[in-house]
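Colleague: I am new to reading protein models. Please take me through this one, feature by feature.

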Amino acid sequence: MGKKEKGKQNPLGEVSRDYTINLHKAVHKETFKRKAPRAVSHIIRFAQKNMLTEDVRVDPQLNEAIWKTGIRNLPRRIRVRLQRKKKEEDDGKGKYFTLAQYVPVDTFANLKTEITKVQ
């Protein structure tokens with residue numbers, strides 16, 4: 001029996017996942033005038049961590065959903081679709097980028113992370 005070799009991680013690949021992010025917890029004890037910008041940066045950090053990409057692009061509908069009630073009155077939770085896609089151009093780090101999109105839902109009860117392959 002030979003030693004078990006450490007293999008390389010599987011290449012990333014394109015994937016799409018739906019997450020529920022608790023913004024209320026993310027911006028707790030934050031100054032009123034910084035709540036919405038901190039919520040956007042929290043979503044970017046969340047996407048970098050979960051999708052393993054440095055380049056995260058926020059869709060305008062997601063930005064609008066966060067800011068719709070102003071800088072200080074955020075939605076408590078938000079449903080976000082994170083899609084890891086292959087870059088067309090060769091600038092910046094990595095071969096992939098993450099697109100964060102808004103997913104409107106009626107209620108957040110019993111929602112889980114849904115994983116789908118991108119066609």
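Colleague: How exposed is Arg 34?

Modeller: Arg 34 counts as partly exposed because its relative accessibility is 45%. Buried is under 20% relative accessible area, exposed is over 50%, and partly exposed lies in between (1.4 Å probe, protein chains only). Arg 34 is in the loop between α1 and α2. Arg 34 and Ile 71 are 37 residues apart in sequence, yet 7.1 Å apart in space, C-alpha to C-alpha.

Colleague: Where do these values come from?

Modeller: This is a predicted model, in which local features need pLDDT of at least 70 and side-chain atom pairs count only at pLDDT 80 or more, while totals for chains, interfaces and linings use all residues. Residues are numbered from 1 along each chain as its sequence is written, and side-chain values use heavy atoms, with hydrogens and water left out.

Colleague: How many helices and strands does the protein chain have?

Modeller: Helices (H or I, at least four residues) and strands (E, at least two) are DSSP runs, numbered from the N terminus. The protein chain has 3 helices and 5 strands, in the order β-α-α-β-α-β-β-β from the N terminus. Of its 119 residues, 29% count as buried. Take contacts (heavy atoms within 4.5 Å) between residues at least 6 apart in sequence: 68% of them join residues at least 24 apart.

Colleague: Which residues have the most contacts inside the largest nonpolar core?

Modeller: In soluble globular proteins, nonpolar side chains tend to be buried together. A nonpolar core is a set of buried Ala, Val, Leu, Ile, Met, Phe, Trp, Tyr and Cys residues joined through side-chain atoms within 4.5 Å. Here the largest one has 20 residues, and Ile 43, Leu 62, Ile 66, Ile 78, Val 80 and Leu 82 have the most contacts inside it. At least two core residues come from each of β1 (15–22), α2 (35–51), α3 (60–67) and β3 (77–86). The element that gives the most is α2, with 6 residues. Setting aside residues up to four places away in sequence, Val 80 touches several others, among them Tyr 19, Ile 21, Leu 62 and Val 103.

Colleague: Is Arg 79 buried or exposed?

Modeller: Arg 79, in strand β3, has a relative accessible area of 3% and is therefore buried. Apart from neighbours within four places in sequence, the contacts of Arg 79 include Asp 18, Tyr 102, Phe 108, Leu 111 and Glu 114.

Colleague: At what angle do α2 and α3 pack?

Modeller: Two packed helices are described by the angle between their axes and the distance between the axes. Axes are lines fitted to C-alpha atoms, for helices over the stretch in contact, and angles run from 0 to 180 degrees between N-to-C directions. For α2 and α3 the angle is about 140° and the axes are 10 Å apart. That makes α2 oblique to α3; under 35 degrees counts as roughly parallel, over 145 as roughly antiparallel, 65 to 115 as roughly perpendicular, and the rest as oblique. Ala 36, Pro 37, Ala 39, Val 40 and Ile 43 of α2 make the contact with Leu 62, Asn 63, Ile 66 and Trp 67 of α3.

Colleague: Where is Leu 52 found, and what is its phi?

Modeller: Most residues other than glycine have a negative phi. Leu 52 is not a glycine, yet its phi is positive, about 60°. Leu 52 is found in the loop between α2 and β2 (56–58) and counts as exposed, at 57% relative accessibility. Lys 29 also has a positive phi, near 65°. Lys 29 sits in the loop between α1 (23–26) and α2 and counts as exposed, at 75%.
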